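This briefing covers a predicted model.

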Amino acid sequence: MQKAFDIGLDSLVGGELGSVPESSFLANAPQRGTFYLETFGCQMNEHDSEKVAGVLLSRGYRQVDSVEAASFVLYNTCSIREKAAQKVFSRLGEFRGVSGEPKKIGVLGCVAQQEGEKIFHRSPWVSLVCGSASYSKLPELLAQLEAGEKRVTGLDTDTDETFETELTRRDNPWRAYLTIIEGCDKACSYCVVPFTRGPERSRASDSILRELRQLAELGYTEVQFLGQTVNSYADPSSRKMKFSELLLAAAEMPGIRRVRFTTSHPRDFGRDIVEAIETSDRICNHVHLPVQSGSTRVLRAMQRTYSREEYLQKIAMMREAKKQITITSDIIVGFPGETEKEFEETLSLMEAVKYESVFSFKYSPRPNTSAQSMPDAIPEEEKSRRLAVLLELQRKIQSEANEKLAGNLFDVHVEGKSRKENQWSGHTSCYRVVNFSSSQPDLLGSYVPVKVTSATPNCLIGKHEL
Ligand code: 5AD
Ligand code: SF4
């Protein structure tokens, strides 16, 4: 993935990880060995892993931070692009011919769903293959493994269940992630997600709000609602809460200061979401609204269900809002048949929107998808060239926009402390990274006003306003 806007905390040290107290029932769980869990891919996968770890901890496993120390090694995999999918096979290859005490190996997530039992043939030392739509069965699958079964699978996608756990081992002490909708019912022609994560399933609003209350009681002040198409949320309970109503209800939760959500699909993005952002200062003024291409012809071939003009209307609606909203996007270059002119339409759309950040990707053909068999593949070098042009343009757009922010005051949620004395880092409500200096101690987790003094294309630099 090429990021034009770095939202990481490079060279900064985060807070103490996993600081959320674990439930007391863990004390009574039988001791079952150790597990190591490595995660690839998106935020949804990261959060699934937090829940998988919760299931293992509550069954009496202990988490360790190296393969060597573990009796059970799990990989939560990503197959959105070919490169991501290959990573897990190189990890699995490392176990070939290894002697000593045999470890149990499990493959979870999108590659597990996509490759299924083929994984056992390629890597016979694997004993668990489970896709995300079957995670609710994980306790049963683990019980089968513990009873001595050699090969266990969870590969159904025809479920209407979401994966809810009694315990989630949260890795980010500042922002809690909460999946509100799983799977995807869209059918973008390049995308494996509908195959690997199954059909769309929303979680009942009262269960979401109950978990949010618990998170607030644990001390979390920021929550991020997750879903592949988070704004397609359809409350399955009789309350029939709309997505925008859920955002407003979350913002009212005592203790919660910031509510984020990602990823939104342009088709389902209505004015009511903008109104919710306008209404509540606790709903973050940042919308991730992937466009994928600026050409209506390519968007049709991608089956994105909107045209360039329709997308731009959504952008105009946001830019006209009473509050400034940061807009970020995902873009694919080199989709089959994308002409130079069509690529330039993507560039002109970027100029028109002036995204605050863009994640850009070279098209990668994926199994089962309809784009895989489309003619007129774009050569790899041409995809790389287009990506470089796009990144350069985005860099210019960001530099110009960020430089204009000098002198502005932002409320920053402090998430990192630099190794350098008196240097801190965090995010604004609009999800910009701010690196700043402060003479105050113990700022982690707090919200502080920061005056911007300068900027780079990827972050703002400022000073704690005392
Ligand atoms: N090739 C390249 N990029 C892809 N994405 C999804 N599928 C592919 C693919 N086959 C990108 C899209 C999506 C993001 C998560 O990954 O831009 O929004
Ligand atoms: Fe994939 Fe499209 Fe669904 Fe996003 S909306 S997960 S790109 S199929």
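One open sheet has three strands in the order β9-β12-β13, paired in parallel. Its edges are β9 (175-179) and β13 (258-262); each has a single partner strand, so one side of each lacks a neighbour in the sheet. From one strand to the next, the twist averages 25°.

- Strands β9 and β12 (residues 222-226) run parallel and are joined by five bridges.
- L178 has F225 in β12 as its bridge partner.
- Helix α1 (residues 43-58) packs on this sheet and touches β9 and β12. The direction of α1 makes about 95° with that of β9.

**Six-stranded sheet**

- Another open sheet contains six strands, ordered β4-β3-β5-β6-β7-β8, with parallel pairing.
- The edge positions belong to β4 (61-63) and β8 (152-154), and each of these pairs with a single strand, so one side of each is left without a neighbour in the sheet.
- On average, neighbouring strands here are turned by 25° against each other, direction ignored.
- Within this sheet, β6 (residues 104-108) and β7 (residues 126-130) run parallel, with four bridges between them.
- The bridge partner of L108 is C130, in β7.
- Helix α2 (residues 82-93) lies across β3 (33-39), β5 (72-77), β6 and β7. Relative to β5, helix α2 runs at about 165°.

**Ligand 1**

- Y190 takes part through its backbone, with a polar atom 3.0 Å from a nitrogen of ligand 1.
- On its own, ligand 1 has 400 Å² of accessible area, and the protein covers 86% of that area.

**Ligand 2**

- The shell around ligand 2 consists of C184, K186, C188, Y190, C191, V193, P194, Q228, T229, H265 and R304.
- Six of these shell residues are nonpolar, three are polar and two are charged.

Technical notes. Residues numbered from 1 in each chain as written. Chains lettered and ligands numbered in written order. Predicted model: local features only at pLDDT ≥ 70, side-chain atom pairs only at ≥ 80, totals over all residues. Heavy atoms only, no water. Near = heavy atom within 4 Å. Nonpolar A, V, L, I, M, F, W, Y, C, P; charged D, E, K, R; others polar. Polar contact = N/O pair within 3.5 Å; in protein donor to acceptor, adjacent residues only side chain to side chain. Areas by Shrake-Rupley, 256 points an atom, 1.4 Å probe, with all protein chains shown as cover. Pairing = 2+ DSSP bridges. Helix = DSSP H or I, 4+ residues; strand = E, 2+ residues; numbered from the N terminus. Axes fitted to C-alpha atoms, helices over the stretch in contact; angles between N-to-C directions. Contact = heavy atoms within 4.5 Å.
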